[in-house]
Amino acid sequence: MTASNPLHNESTTAHLDSTAHLMNRISSQLASQLSLVSLDGSRRPQPPALVVVAHGSRDPRALSTVRALLDKVRALRPGLPVHLGHIELNEPLLPDTLASLGDREAILVPLLLSRGYHIKRDIPEMAAASRVRARVAGALGPHPLLVEALYTRLVEAGWRTRMDEPTRRESAVILAAAGSRDPESKVDTSRTAHLLAGRLGVPVIPAYATTAAPTVQDALAELAARGRTRVAIASYFTAPGRFATECAQKAPWIASAPLGTHPAMASLLLHRYDRMAATPVTTAPELATA
């Protein structure tokens, strides 16, 4: 009997994987081109580009997560030009992405979960300084799709979908977010906490890694005083990073992973894009939360 050659098998598998990836890229590009052609052969007007605006992070996991999320968006909408721009820390920076688009139309969708300085000032100012005919969508949250993603991540971490009444009376969740000095950011996070509480059937308290109050530790103390000792941390972050890690380390029980590449995130980015695309250009930029 002839022994198999592991190196040959691994090489063959790698070759097949790379070939499959190449074929997927070709199929996606072909679908994108065909979507621009009408049945009569005339060229359809190209849709506005989707520019997803991420904050940026020194943690390399954040960039890889955001790129994987954009791949999911492209898979859902093959004919849509999808680009990435960062506010800081990572390339491509948003001004560079906008410069590469020339004077075409684009819709900027922040990969940010609540209102704040970046959405109100930074992103609009960067857009205004470019040649792009840009419209800026509002924050991703609050929205039921985010709640569904949060719920899924908690279940993945060990949250019981069914629990008896004594266990329920001891249980609670801390919605751990980054934090902002903008009071409207806290309003948005509190609304998400309220929606998640309705989904879980237990109290959900928002807490913050920096800038805003309460801290995760303060929220834990408040819940303990109310007899809620079985507490989970729900990570209200779009990707892994320093703040998400620090909050998770404070969990007395379980901590969920960041929202990351959950399918609901890709759907929500496209929902924000579609709403803005349907908004007349003469109106003010969308900051709605529907």
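Reader: Which residue in strand 7 does Ser-171 stand opposite?

Author: Two strands count as paired if DSSP finds at least two bridges between them. Here Ser-171 stands opposite Arg-230 in strand 7. Strands and helices are themselves DSSP runs numbered from the N terminus, a strand being E over at least two residues and a helix H or I over at least four. A word on sources: this is a predicted model, in which local features need pLDDT of at least 70, side-chain atom pairs count only at pLDDT 80 or more, and totals for chains, interfaces and linings use all residues. Residues are numbered from 1 along each chain as its sequence is written, and side-chain values use heavy atoms, with hydrogens and water left out.

Reader: How many bridges join strand 5 to strand 7?

Author: Six bridges join strand 5 (residues 171–177) to strand 7 (residues 230–235), and the two run parallel. Ala-176, for instance, stands opposite Ser-235 in strand 7. Strand 5 is also joined to strand 6, by five bridges and again in parallel; there Val-173 has Val-204 as its bridge partner.

Reader: What is the order of the strands in the open sheet?

Author: The four strands have the order 6-5-7-8, with parallel pairing. Strand 6 (204–208) and strand 8 (254–255) are at the edges with a single partner strand each, so one side of each has no neighbour in the sheet.

Reader: Is strand 5 buried or exposed?

Author: A residue is buried under 20% relative accessible area, exposed over 50% and partly exposed in between, using a 1.4 Å probe and protein chains only. Seven of the seven residues of strand 5 are buried, so the strand is largely enclosed by the rest of the structure. Ser-171, Val-173, Leu-175 and Ala-177 are on one side, and Ala-172, Ile-174 and Ala-176 are on the other.

Reader: Which residues of helix 8 are buried?

Author: In helix 8 (residues 216–225) they are Val-216, Ala-219, Leu-220 and Leu-223. Seen down the helix axis, these buried residues fall within an arc of 105 degrees (taken from the directions from the axis to the C-beta atoms), so they line one face of helix 8. They pack against strand 5, strand 6, strand 7 and helix 9, where contact means heavy atoms within 4.5 Å.

Reader: How far does helix 2 reach from its first C-alpha to its last?

Author: The expected span of a helix is 1.5 Å times one less than its number of residues. Helix 2 (residues 60–76) has 17 residues and reaches 25 Å, close to the expected 24 Å. Its buried residues, among them Ala-62, Leu-63 and Val-73, fall within an arc of 160 degrees, so they line one face of helix 2. On the other side, Pro-60 and Ala-75 are exposed. The buried residues of helix 2 pack against strand 1 (49–54), strand 2 (82–86) and helix 10 (263–277).

Reader: Where is Glu-88 found?

Author: Glu-88 is in the loop between strand 2 and helix 3 (94–100). With 34% relative accessibility, Glu-88 counts as partly exposed. Not counting residues up to four places away in sequence, Glu-88 touches His-55, Gly-56 and Leu-93. Glu-88 and Arg-58 are 30 residues apart in sequence and 9.7 Å apart in space, C-alpha to C-alpha.
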